[in-house]
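Welcome! Take a look, then read on.

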Amino acid sequence: MNDSNRLSDGQLIEACRIGDEEAWNTLVDRYQRLVYTVPARYGLNPAEVDDVFQSVWFSLLQNLDKLREPDRVAAWLVTTARRESWEHRRGARHERTITTDFDNNPNEFIGDELPPEEVVSEYRKYENLRQAIDQLQDQCRRLLWHLYFDTTIPSYAEIAEKLKMPIGSIGPMRARCLKKLKAEMTGFSSS
């Protein structure tokens with residue numbers, strides 16, 4: 001772990017302002033998933049998501065000295081990603097996969113229902129959950145992924161087959177894995 005990982009967002013911004021490349025890399029590592037999530041929720045394709053991602057980080061680099069509240073950089077990133085995504089969608093005139101009057105009210109579109117600070121708070125909870133799951137043994141990680149994150153929503157029989165375990169073991173193992181996950185999450189929230 002490098003020393004930059006322990007710095008607050010405001011401290012990272014200050015270090016970036018004086019050209020600290022390690023601080024910049026830490027800031028990007030800390031919030032890259034957050035920035036990618038916004039345009040993806042707007043329904044942009046992977047190439048467009050990449051474009052928005054690069055635009056957001058380039059914009060931050062250009063505006064480092066103008067940030068009045070460096071500790072709120074995550075909210076700034078969300079707001080900027082929303083604007084970039086909106087502009088990209090508006091410019092590209094994509095077909096909408098969701099019925100909405102998006103052209104007249106962009107705030108009704110996915111992701112705009114929460115203020116940026118709440119998006120950042122939800123993102124941090126998600127990151128804590130992801131890190132806690134990463135601490136679990138492989139069998140638990142795989143089981144929890146199939147039960148709660150697999151978008152195909154497999155049946156217990158399909159999960160049992162994929163994990164090569166008896167179907168009757170899934171419930172008890174799920175309980176043990178969730179107990180371990182809860183212990184890991186407690187560790188993250190107390191640090």
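**Salt bridges and a helix pair**

K125 and E122 sit three residues apart in helix 5, which is about one turn of the helix. Please keep in mind that this is a predicted model. The notes below start with this pair and then move on to other parts of the chain.

**Salt bridges**
- Side chains of opposite charge can pair when their charged atoms come close.
- K125 and E122 form a salt bridge, with their closest N and O atoms 3.3 Å apart.
- K125 counts as partly exposed, at 49% relative accessibility, and E122 is partly exposed at 42%.
- E69 and R72 also meet through their side chains in a salt bridge, at 3.7 Å from N to O.
- Relative accessibility is 48% for E69, which counts as partly exposed, and 35% for R72, which is partly exposed too.
- In the whole structure, a search finds ten salt bridges.

**A link between distant parts**
- The side chains of E127 and R33 meet in a salt bridge of 3.6 Å, N to O.
- This pair links distant parts of the chain, as E127 is in helix 5 (residues 116-135) and R33 is in helix 2, 94 residues apart.
- E127 is buried, at 9% relative accessibility, whereas R33 is partly exposed at 34%.
- A network of salt bridges links R33, E127, R130 and D134.

**Helix 2 and helix 3**
- Helix 2 (residues 21-41) and helix 3 (residues 46-63) have axes that come within 9 Å and cross at roughly 135°.
- That angle makes helix 2 oblique to helix 3.
- Their crossing is right-handed.
- Residues making the contact include W24 and Y31 of helix 2 and F53 and W57 of helix 3.
- The contact residues divide into 15 nonpolar, one polar and one charged.

Notes:
Residues are numbered from 1 along each chain as its sequence is written. This is a predicted model: local features need pLDDT of at least 70, side-chain atom pairs count only at pLDDT 80 or more; totals for chains, interfaces and linings use all residues. Side-chain values use heavy atoms; hydrogens and water are left out. Axes are lines fitted to C-alpha atoms, for helices over the stretch in contact, and angles run from 0 to 180 degrees between N-to-C directions. Helices (H or I, at least four residues) and strands (E, at least two) are DSSP runs, numbered from the N terminus. Angles under 35 degrees count as roughly parallel, over 145 as roughly antiparallel, 65 to 115 as roughly perpendicular and the rest as oblique. A crossing is left-handed if the near helix is turned anticlockwise from the far one by less than a right angle, and right-handed if clockwise. Contact means heavy atoms within 4.5 Å. Ala, Val, Leu, Ile, Met, Phe, Trp, Tyr, Cys and Pro count as nonpolar, Asp, Glu, Lys and Arg as charged, and the others, Gly among them, as polar. A salt bridge is a side-chain nitrogen of Lys or Arg within 4 Å of a carboxyl oxygen of Asp or Glu. Buried means under 20% relative accessible area, exposed over 50%, partly exposed in between (1.4 Å probe, protein chains only).
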